[in-house]
Amino acid sequence: MIVNYSSSSSSEEEPDDSSPLRKRGKLDTETSTSEPLDHGSVKRKASKSGHLTPRLPLPDSVKEMFRESEEQWIDKSEEHEGRQRSFQHERGNWATYVFCPYDPEEAFLELLNEMMVVASAQSIPLTLAEEFHLSLSKTVVLRHHWIQPFIQSIRTSLTQFQKFFCLADKLGVYSNAEKTSCSCRTFLGMEISTGKTQLLELIKIVDETMKEFNLSTFYKDPSFHISLAWCVGDHTERMKKTCLSQMQSLVDVHEDGPFYIQLNCTELRCKSGNKVFLFPLQ
C-alpha cells in the first residue's frame, strides 16, 4: 500500500494574513496579551497548535462541597429552647442512643398537664418532652460509616429477646451528668417499678455493642425512668422541696385510682442523627 506524505515545505507553509486561521491566531494572541485575566475571569491555555483555548470554570456545586467543611459550626442554644450540646458538634458525627418508645394515652397527657400547673405555680419553667421513651443507653457519637455495622450488631444480639412490659408509678427528679450552668438540665420522670430484670438484660446486650465500638456503656446502677418534662439549670433540690410531693399526690389519687404507665416493650429503637432504626422483639 502506498501512502502519500506531504512534503516538508508544504507543512511549514505559513498561511497568509487574510486566511481565517491567521486572523483567529492574531485575535487570540492580542486578547491574551492586552487584557490580563484575574481569578474570576475565563482562563486560557495554549494548545499544541499554538492557539489559546478556554479553561472551563469550576461549577458552583463542586465549590459548595468543600466550603461546608471549612466553615466552623456555631451552636445556637436559642434555636432549641436554651439547651446546649453535651459534646461539640462536628460534621460527620451522629448523636446516637437506644431506647424503648412510649405512646402516651389520653389519661396520661391530662395528668401531665395538671403536674405542669403545679410546677408553674412554683415558678419552675418545665417544658414537656417532645417524645416519651425509656433510655437504654447513653447518648454517644457515631461516625457515619459506623452506623450500619453498629445497627447490625444490636439487631443480631436481639434476635431471640422476648417482648415484655414495664410499669412506672413513682415520680423522680433527675439531672444530667454536666453540672455547669450552661449545659445542666433537670428532668421530671416516672420510675420503672416492674420489668427491671428484663431491662438489665437489655442493657447488657446494648453495652456489648458499645464496647465493640469503644463507646460509653450505660450507668453501673441505672435508675430506669421515662422522662416527662425538663428545664434548663439544676433545679433538683428546689423541685423536691416545693412541688414533687404535690405532683405525686396527683398520680396517687387519680380519678380511676393510682395512675401508672404501662410500657409495652415490643420493640427497641435506635436514633442516630435524623434516622430511626427499629428492632422488633419476639
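**Reading the features**

Modeller: The term "buried" stands for a relative accessible area under 20%, "exposed" for one over 50%, and "partly exposed" for what lies in between (1.4 Å probe, protein chains only). The model is predicted, so local features need pLDDT of at least 70 and side-chain atom pairs count only at pLDDT 80 or more, whereas totals for chains, interfaces and linings use all residues. Residues are numbered from 1 along each chain as its sequence is written, and side-chain values use heavy atoms, with hydrogens and water left out.

Biologist: With which residue does the side chain of Glu-267 form a salt bridge?

Modeller: The general idea is that side chains of opposite charge can pair when their charged atoms come close. A salt bridge requires a side-chain nitrogen of Lys or Arg within 4 Å of a carboxyl oxygen of Asp or Glu. Here the partner of Glu-267 is Arg-269, at 2.7 Å from N to O. Arg-269 is partly exposed, at 27% relative accessible area.

Biologist: How many salt bridges does the structure hold?

Modeller: There are 3. One of them joins the side chains of Glu-201 and Lys-204, at 3.6 Å from N to O. These two residues lie 3 residues apart in helix α6, so about one helical turn separates them. Glu-201 is partly exposed at 37% relative accessibility, while Lys-204 is exposed at 51%. Another salt bridge links Lys-211 to Glu-208, with their closest N and O atoms 3.7 Å apart. Both of these residues are also in helix α6, again 3 residues or about one turn apart.

Biologist: How many helices and strands does the protein chain have?

Modeller: The chain has 8 helices and 12 strands.

Biologist: Which residues of helix α5 are buried?

Modeller: In α5, which spans residues 147–157, the buried residues are Ile-147, Phe-150, Ile-151, Ser-153 and Ile-154. They lie on the same side of α5 because they cover an arc of only 155 degrees around the axis; the arc is taken from the directions from the helix axis to the C-beta atoms. Their cover includes β3 (93–102), β6 (140–143), α6 (196–212), β11 (267–272) and β12 (275–280).

Biologist: In which strand is Thr-96 placed?

Modeller: Thr-96 belongs to β3, and at 0% relative accessibility this residue counts as buried. A contact means heavy atoms within 4.5 Å. Leaving out residues up to four places away in sequence, Thr-96 touches Lys-138, Thr-139, Val-140, Leu-142, Phe-150, Cys-270, Lys-271 and Ser-272. Phe-150, in that list, is also one of the buried residues of α5.

Biologist: With which side chain does the side chain of Thr-96 make a polar contact?

Modeller: A polar contact is a pair of N or O atoms within 3.5 Å; within protein, one must be able to donate a hydrogen and the other to accept it, and residues adjacent in sequence count only if both atoms are side-chain atoms. The side chain of Thr-96 makes such a contact with the side chain of Ser-272, at 2.8 Å. A polar atom of the Thr-96 side chain also lies 3.0 Å from the backbone oxygen of Trp-94.

Biologist: How do β3 and β11 run, parallel or antiparallel?

Modeller: Two strands pair if DSSP finds at least two bridges between them. β3 and β11 are antiparallel and joined by 4 bridges, one of which has Thr-96 facing its partner Ser-272 in β11. β11 is in turn joined to β12 by 6 bridges, again antiparallel, and Ser-272 has Lys-275 as its bridge partner in β12. The hairpin of β11 and β12 has 2 residues between the strands, and its Gly-273 takes a positive phi near 65 degrees.

Biologist: How many disulfides does a search of the whole structure find?

Modeller: The search finds 0. Cys-166 is in no disulfide, its nearest cysteine sulfur being that of Cys-265 at 4.0 Å. Cys-166 is buried at 0% relative accessibility.

Key: A disulfide is a pair of cysteine sulfur atoms within 2.5 Å.
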